[in-house]
Amino acid sequence: LEETIAALMGKEAAIFVPSGTMGNQIALQCHTRRGDEVLLGESAHIAFDESGAGAAWAGVQFAAVGKGGLFTAAELAEAIREPDEHCASQRLVAVENPHNRAGGKTFAQRELLAIAEVARREGLGLHLDGARIWNAAIAAGLSTAELAAPFDTVNLCFSKGLGAPVGSALCGSRAMIVRARTYRKMFGGGMRQAGILAAAALFAIEHHRARIAEDHAAARVIAAALREVPGDAVVLDGDTNQVNVDTPGIPASRLIEAARRRGVLVGAMAPFRTRAVTHLDVLPADV
């Protein structure tokens, strides 16, 4: 599995980890020193949805770039400071593509290349939180290796668009992955009888990648239908398999319960934002 994933991402090596959170946190350990600053998009998973692990384990702080999750090379350049003993050392740029809390929106490849150029010029490392990189590749019409090419490390997930029961991977140079293996062991991720999980991930890679386009099409159908509903709701959909609905004055919890009574499971992204995600278990009739 690790050899297959490294090849698909165009990297020298990879390690299998239990979760995307562990993959991201290992990457922080490999790239940074305590007290460093990591530049990333607003509400990025690595800072917003990982229980404060970046501060607790790597000892880093985060600085948001741009608005709404995505950012440009120009915005990154504006956020980079001259070295100053009064400020944290900026060490890493982390990109989440697609961006979960932005509704599954993706970065344009030309923008990723420009972001990487700025980061390289300033001596910053590059990490891709590609938990949903399979979706980003389908949306962009590019290979995963092309999307991953600008980055030193790539974190990806088998249990989202691909539908495997569990598991993620971290990819990078051989030297980086040697360090990553040590941190995986420290974090308790050195799994023993993991072959059954790796087999499921391999099956998902071999059989479920192409069909991700069906999930994207299903999400667009749902978004279009929701936009026809009268009222003040705002439908936000990205390029992939997520649809967010903002309902001013109507709590997401109320919509979630109403949908559940009708046999539809959705989730809350914020007090007044509901999220629907299409995947391989959602059939055309369900849409």
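Guide: Two strands pair if DSSP finds at least two bridges between them. Helices (H or I, at least four residues) and strands (E, at least two) are DSSP runs, numbered from the N terminus. The model is predicted: local features need pLDDT of at least 70, side-chain atom pairs count only at pLDDT 80 or more, and totals for chains, interfaces and linings use all residues. Residues are numbered from 1 along each chain as its sequence is written, and side-chain values use heavy atoms, with hydrogens and water left out.

Visitor: Which residue in strand 11 stands opposite D246?

Guide: Strand 9 (residues 242–246) and strand 11 (residues 273–277) run antiparallel and are joined by 5 bridges. In strand 11, the residue opposite D246 is R273.

Visitor: Is T274 buried or exposed?

Guide: T274 is found in strand 11. Buried means under 20% relative accessible area, exposed over 50%, and partly exposed in between (1.4 Å probe, protein chains only). Leaving out residues up to four places away in sequence, T274 touches V243, N244, V245, A252, L255, I256, V266 and G267, where contact means heavy atoms within 4.5 Å. Because its relative accessibility is 6%, T274 counts as buried.

Visitor: Which strands are at the edges of the sheet of 7 strands?

Guide: That open sheet has mixed pairing and the order 1-7-6-5-4-2-3. Pairing on one side only marks the edge strands, strand 1 and strand 3.

Visitor: Which residue in strand 4 stands opposite L40?

Guide: Strand 2 (residues 37–41) is mostly covered, with 5 of its 5 residues buried. With strand 3 (residues 61–65) it pairs in the parallel sense over 5 bridges, and V38 is opposite F62 there. Strand 2 also runs parallel to strand 4, joined by 4 bridges. In strand 4, the residue opposite L40 is A94.

Visitor: What is the bridge partner of G130 in strand 6?

Guide: Strand 5 and strand 6 (residues 153–157) pair in the parallel sense over 4 bridges. In strand 6, G130 has as its bridge partner L156.

Visitor: How far apart are the end C-alpha atoms of helix 6?

Guide: Among the elements that its buried residues pack against are strand 4 (90–96) and strand 5 (125–130); those buried residues are Q109, L112, I115, A116, V118 and A119. The expected span of a helix is 1.5 Å times one less than its number of residues. Helix 6 has 13 residues (109–121) and should therefore span 18 Å, which agrees with its end C-alpha atoms being apart by 18 Å.

Visitor: Within what arc do the buried residues of helix 10 fall?

Guide: In helix 10, A198, A201, A204, I205 and H208 are buried. Those residues line one face of helix 10, because seen down its axis they fall within an arc (of the directions from the helix axis to the C-beta atoms) of 135°.

Visitor: Which exposed residues does helix 10 carry on the face turned away from its buried side?

Guide: The buried residues of helix 10 are covered by elements including helix 1 (2–9), strand 1 (13–17), helix 7 (133–140) and helix 11 (212–227). The face turned away carries the exposed residues G195, I196 and E206.

Visitor: At roughly what angle do the axes of helix 7 and helix 11 cross?

Guide: W134, N135, I138 and A139 in helix 7 meet I212, A213 and H216 in helix 11. Axes are lines fitted to C-alpha atoms, for helices over the stretch in contact, and angles run from 0 to 180 degrees between N-to-C directions. The two axes come within 9 Å, and they cross at roughly 75°.

Visitor: How far apart in space are T106 and A140, C-alpha to C-alpha?

Guide: T106 lies in the loop between strand 4 and helix 6, and at 17% relative accessibility it counts as buried. Not counting residues up to four places away in sequence, T106 touches L70, N97, P98, A136, D239 and T240. T106 and A140 are 34 residues apart in sequence, and their C-alpha atoms are apart in space by 8.3 Å.
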